[in-house]
Amino acid sequence: MDIRQLEYFMACAETGSVSEAAKILYSTQPSVSKVLKSLEDSLGIRLFERLPRGIRLTPDGKKFYRRACRIVNEVKALEGMAKHGMTKWIRISLNPSSWFADQFVDFYNENYNQNYHFQIYTAGIRTVMERVRDYLDDVGFVYIPQQQKEDFLYELSRNGLEFIPMHETELMLYPGGKSSLSGGKRDSIKPEELKNFRFIQNYQDEFFNLGQPDEKPQFSWSGLDISVVTNSDYIMERMLKQTDTANISGSYLSEKQKGASRGIPLDMPENKVIFGYIRHKGDTPDDAVEELILFLDKRLHRES
């Protein structure tokens, strides 16, 4: 087995197609198929199921993919060290957050002389979890509604991950500039009133709708009119300033959104959003990642 086989395998797994993988790899379909067969023969397991249209990982293939990701990423890191000396890469995935963006800029400036290099990927909770699980990122920062915490922790445990809470904040409604609630003095809003609004959200994530089958969730995206989904702060800020669309998010992650009206807390028993980070269970972050976590922790306590 060699690194080339692993790269070919990962390309096939990520595209779900030998022909698409061949394009990415600047190779041919027969060559990629040959490499895959050689890898499967050497391992003695079947990595892919062949479908009428494309391929998909077998259960063994999924396990192997996670290990392959870790190996390939470590090799690339070693190659980077060989080319550029002891440059330290910090790989981060996170939910879209203006607050985090502000903190990251400050962290970068304060640590400029340490020659850290960063890879930052924004996505929903599920994708952040999978990227950390597959060793594509060193740490993943997410925020979870309190009522969904147990379902989220269960999902993490199934993937060998753990969640370290850092801060709690309220779940808020931010009405748009042209909304009837803009500039008002409402102290709270009931979940059932949300059906009267259109929403712009940074992402839609399945964890918001998890729950026991015999329990009615206090809050659910189901039935709400989510008109715009974006990971762009610019779109978010302009929509909140110039339209009647509203946004639901944790308060400290949104207070600096330009044009956003004062947030209105959701009136429900578990009105909390928990901010924290995902890591492999039992792992200790390396020094650079730990430094970032401590930096964020100080900022959170300073602002609370």
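The structure is a predicted model, in which local features need pLDDT of at least 70 and side-chain atom pairs count only at pLDDT 80 or more, while totals for chains, interfaces and linings use all residues. Residues are numbered from 1 along each chain as its sequence is written, and side-chain values use heavy atoms, with hydrogens and water left out.

Phe107 and Tyr116 also form an aromatic pair, and the pair is stacked, with 6.5 Å centre to centre and 10° between the planes. Rings of Phe, Tyr and Trp (its six-membered ring) pair if their centres lie within 6.5 Å; planes under 30 degrees apart count as stacked, those over 60 as edge-to-face, and the rest as tilted. By this rule, the count comes to 17 aromatic pairs. Both rings belong to one aromatic cluster, made up of Phe104, Phe107, Tyr108, Tyr112, Tyr116, Phe118 and Phe295.

For the overall picture, the secondary structure comes to nine helices and 12 strands. Helices (H or I, at least four residues) and strands (E, at least two) are DSSP runs, numbered from the N terminus. Of the 304 residues of the protein, 47% count as buried. The accessible surface comes to about 16,400 Å², and 48% of this belongs to carbon and sulfur atoms; such areas come from the Shrake-Rupley method with a 1.4 Å probe, and for residues only the protein chains shown count as cover. Contacts (heavy atoms within 4.5 Å) tell a story too: among those between residues at least 6 apart in sequence, 79% join residues at least 24 apart.

S7 and S11 pair in the antiparallel sense over two bridges, and two strands pair if DSSP finds at least two bridges between them. An open sheet of three strands has the order S10-S7-S11, with antiparallel pairing. Its edge strands are S10 (247-250) and S11 (264-265), each of which pairs on one side only.

Charged side chains come next. A search of the whole structure finds 15 salt bridges, each a side-chain nitrogen of Lys or Arg within 4 Å of a carboxyl oxygen of Asp or Glu. In one of them, the side chains of Asp106 and Arg299 meet at 2.8 Å, N to O. This pair links distant parts of the chain, with Asp106 in helix H5 and Arg299 in helix H9, 193 residues apart. Asp106 is partly exposed, with a relative accessible area of 29%, whereas Arg299 is buried, at 9%. Asp106, Glu110 and Arg299 are linked in a network of salt bridges.

Glu155 and Arg126 form another salt bridge (2.9 Å, N to O). Glu155 lies in helix H7 (residues 149-158) and Arg126 in helix H6 (residues 125-133), so this pair ties together parts that are 29 residues apart in sequence. Glu155 is buried, with a relative accessible area of 14%. The side chains of Arg279 and Glu162 also meet in a salt bridge (2.8 Å, N to O). Here Arg279 in strand S12 is joined to Glu162 in strand S6 (residues 161-169), 117 residues apart. Arg279 counts as buried, at 19% relative accessibility.

Finally, the backbone deserves a look. Most residues other than glycine have a negative phi. Asn115, however, has a positive phi, near 60°. Asn115 is found in the loop between H5 and S4 and is partly exposed, with a relative accessible area of 40%. Tyr135 also has a positive phi, near 65°, and lies in the loop between H6 and S5.

Conventions
Buried < 20%, exposed > 50% of the residue type's maximum accessible area, 1.4 Å probe, protein only.
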